[in-house]
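Hi,

Here's the structure I promised to pass on. Have a look at it first, then read my notes below.

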Amino acid sequence: MTEAINQDHAILEVKEWKEALPGQSADEVVIALSPAFGTQLTKSIIDIDLGTILKELCAGIEEEGMKPRFIKVFNSTDLAIIASQGSRLSGSGICVGMQSRGTTVIHQRDLVPLDNLELFPQAPLYDEKIYRKIGRNAAKYAKGENPEPVEILNDYMVPSKYLIKSTLMHFKEGEMMDKSKKAMDMKVEF
Amino acid sequence: MKRSKRFEKLEQMPINKDGFAYEWEEVGLVCMESPFDPTPSLKIENGIIVEMDGKERKDFDSLDKFIADYGIDVSYAEEAMAIDSLEIARMLVDIHVPREKIVKICCASSPAKVTEIMNHLNVVEMMMAQMKMRARKRPANQAHATNLDDNPVLLCADAAEEATRGFAELETTCALARYAPLNAIALMLGAQTGRAGTLNQCSMEEATELELGMRGFTSYAETLSVYGTETVLIDGGDTAYSKAFLASAYASRGIKIRFTSGTGSEVLMGSAEGRSMLYLEVRCLFLTKACGVQGIQNGSINAIPLVAALPNGFRAMAAECLIASMLNIEVASGNDTAFTHSDFRRGSKLMMQFMPGTDFVTSGYGGIPNFDNVFAGSNEDCDDYDDYYTLQRDMKVDGGIVPVKEEDALAARNKAAKIIQCVFAELGLPEITDEEVEAATYAYSYKDMPPRNKAEDMKAATAMMDKGTNGFDIVRILYENGFEDVAHRLMEMLKQRVIGDYLHTSAIFDEEFRVISAVNDRNDYMGPGTGYRLSDERWARLKEKYSALKPQDI
C-alpha cells in the first residue's frame, strides 16, 4: 500500500517494504510507527507535519552517529505495545515509539511494555526541537550511555483542550489496526 | 452580524476554553441512557447464568463469562431481577430501606439492570443515595504528591505536609519511570513523618508497582486498570484472569489494593462496542467484584475531559461512584484530574462527592501546584486548600482533611527532608545536601529546588533495587540514626501486612494504627440522626480558620 500526501511544504511517503525481523546491527535505533501514521494521518494533534517530526527524530539519531530504521506496528494502537515491539526488533534494543498524534516514548528491549526510558505523553506541547532531542537521547541510550533526560513539559489544561481530538484521531488508528498483521519494515520519504 | 458585547465577553470566559461535543451513540460517545445499551436480563439454569443482558452464554466473551460466573450472586438473582428498576431507584433515596438490602439486590443484578436504575435518578437523588450507600461510615481523602523533576527531597517534604493535613492515603508517580524506587521511598518516609498510619502508593507499570509493594516501600496499590470491553482489556495485555491473579499477588503479601476504571476509558481507547460509558463502567465494577477486590478508583479519572464534554457527564460520574458503593465496594471517587478552565465548574463537580461524602472524596487531591502534578493535574491543588477548608466550615461537611498551622507544616517538612537525607546517605544514594533540605522545607514547587543529577539518581536507584534493599533496611537506618519515632511507624506499617486487617473493605488507619473500615465502621445511615455525624472534637478542628476574627480580638 502506498499513499503519498502532498502538502504545502512536505511530501511524506510511508510505504510498506517487508516483514520486520530482529535487527543485527548494533548501531540502529528503531522508530516504530502506529497503524495510521503517515498514511491516514499526516499531521500531529497540533498540525505539525509528521514528515517534519520524523526528519527531526532522524537528525537527532544521526547526530549521535546512529542509524534510524522505520517499522510500523499493525496489531496494536497502544503506544507501549508499539514501542515494546519495536525495541525487540531493534539491533541496539532501543526504539522510539510514535503515535500519529505525536505521543512518543523511548523504549528498551529488556523492559516490560508499560515501562520505558522516557515518556512524552502530552503531544500538544512538543515542537520540532523536542523531537530532535528525543532522537539524540535515544541514540545515546543505544550507545550504552546514561544521558540526562529531555526536559519534562506539563500543562494540565492540555487534556481539556485536546482529548476529544485525540479520541477521534485514535479512532483512525483503530480503523487501520490489524490484529493478525506482523510489524513491517517501512520505506519512509519526507 | 453586529456582535453583542455580552456574547463577546461570554465567549472569552474560562468555560469556553473547554472542549464540548455532541453525543455519538453508535461509537459509544454517550455518557448514559444510550439506545444501544442492552435490556436487562438474567437466566439461570442449575446455578449457572445462561443468559445475561440479552446475550446467550454461547455468545459470551471472556469478560461476560467471568462476570457471570464470579461477579453475580445467583442465589438471589431471580428475586433481584424481578424488582422493578424504578422501585430500586426509590429504595436508594428511602431512608427506611437499609443499605444492606440494596447491596443484596445490586450484587444479584445484571450490569444492564444496575445501569437502568441510574437512569431513574437525578443528581440530587444520587448524592442522597451516595451518602447512604458509602461503605465506610467516616469519609476520607487521598492526595497526590509528585514533582516534575522527581526531586525526592521535595517529594518527601510534600508527603509529610499532606499527611499532617490528614489525608488518609498518599499517591505518587514518576516523570521518569526509573525514579520509581526513590519516589516510593520518599513518599513513604514523608507519609509516616507527617502522620502515623498514612497509607502510601507509587503508581507505576504493574510489575514495578508490585515489586515496590513486596519490598515494603508502599502500603497499597491502586493503578490496576480494568476496562469494560474485552477488546480494550486485551489490547492492554490483560485478561480478567490476569487481573485477578495480580490482585491475589498483592493480597498474598498483605497489601491493600483497589482497581481503577472510570467512564470514557473504553471509547478513549477506541473500542466501546457501541455501548454507553456508564454501562461499560458498570461492567468494570462487576469485574472488580468478580476478582474479589475490595475497592475501585473511578469517577472517570483520565477520560474526564471527554466525559465532561458530553451531556450528562457529571451525572454519569456521580452514578458510577454510587454504583461502586451499591456493590459494597470501596470508592475513591475521582475529582483527581484537571478537566476544565472554569473554577465554577470544577468546584461544582467536586461538590457531588464532597457533600454526600465517599470513602475517598478525591482519588488524588493535588497537594502540590498543578504544574508539578505528573498525573497531568488534579481537579484541586495546593492553592485550593483554603477554599476546601472553608467549604467544610461553611457546610459542616467532613471532606477528610483538617487545617494546619504554617509552623506545623514547616516542622513536618523539615523533619521529613532530614530523614530522607539520612536514608540516602546510609543507603549510599547520591548525597542530599543541607541546602536541599532547607529548600524543600520552604519550597512551593520544583522550581525552588537546587537541580539534582537525574542520570546519577536513576542509576543509583537501579543499583539499590539490584542489591535487594527493602523496608526493614530503612527501619533499621532510621532507628540507628535518631529517628526512632518514624522507625516505629514504618515497622508498624510492615507488621500490619501480617495482621491483614487493612485488607477489609474501605480500610484506613487512625494515628494509633487502628483499622477503620466498612467492617468496624459500617455506614448505618437511615435518615437524620443516623450515619456519620461530626463529633464536637472533629468539628472544632474542621471549623478552625486561623485568620478569622475572634470575639476577644475586639
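Let's start with overall shape. Chain B has 554 residues, and a compact globule of that length would have a radius of gyration near 24 Å; chain B comes out at 23 Å, so it agrees with a compact globule. If you follow the C-alpha trace of chain B along its principal axes, the spans are about 65 × 60 × 55 Å.

Keep in mind that this is a predicted model. The mean pLDDT of chain B is 97, and 100% of its residues reach 70 or more. For the complex, the predictor gives an ipTM of 0.83 and a pTM of 0.94.

Now for what's inside. Chain B contains 24 helices and 13 strands. Of its 554 residues, 56% count as buried. If you take the contacts in chain B with a separation of 6 or more, 76% of them are between residues 24 or more positions apart.

Next, the place where the two chains meet. How many residues of chain B are in contact with chain A? There are 33 of them, and they touch 28 residues of chain A. Four helices of chain B each supply at least two residues of that side: helix 10 (206-215), helix 13 (265-268), helix 15 (304-307) and helix 21 (454-467). Sorted by class, the side of chain B that touches chain A has 16 nonpolar, eleven polar and six charged residues.

Cheers

Key. Residues numbered from 1 in each chain as written. Chains lettered and ligands numbered in written order. Predicted model: local features only at pLDDT ≥ 70, side-chain atom pairs only at ≥ 80, totals over all residues. Contact = placed C-beta atoms within 7 Å. Nonpolar A, V, L, I, M, F, W, Y, C, P; charged D, E, K, R; others polar. Rg over C-alpha atoms; globule rule 2.2 N^0.38 Å. Buried ≥ 20, exposed ≤ 12 C-beta atoms within 10 Å, placed from the backbone. pLDDT = per-residue confidence, 0-100.
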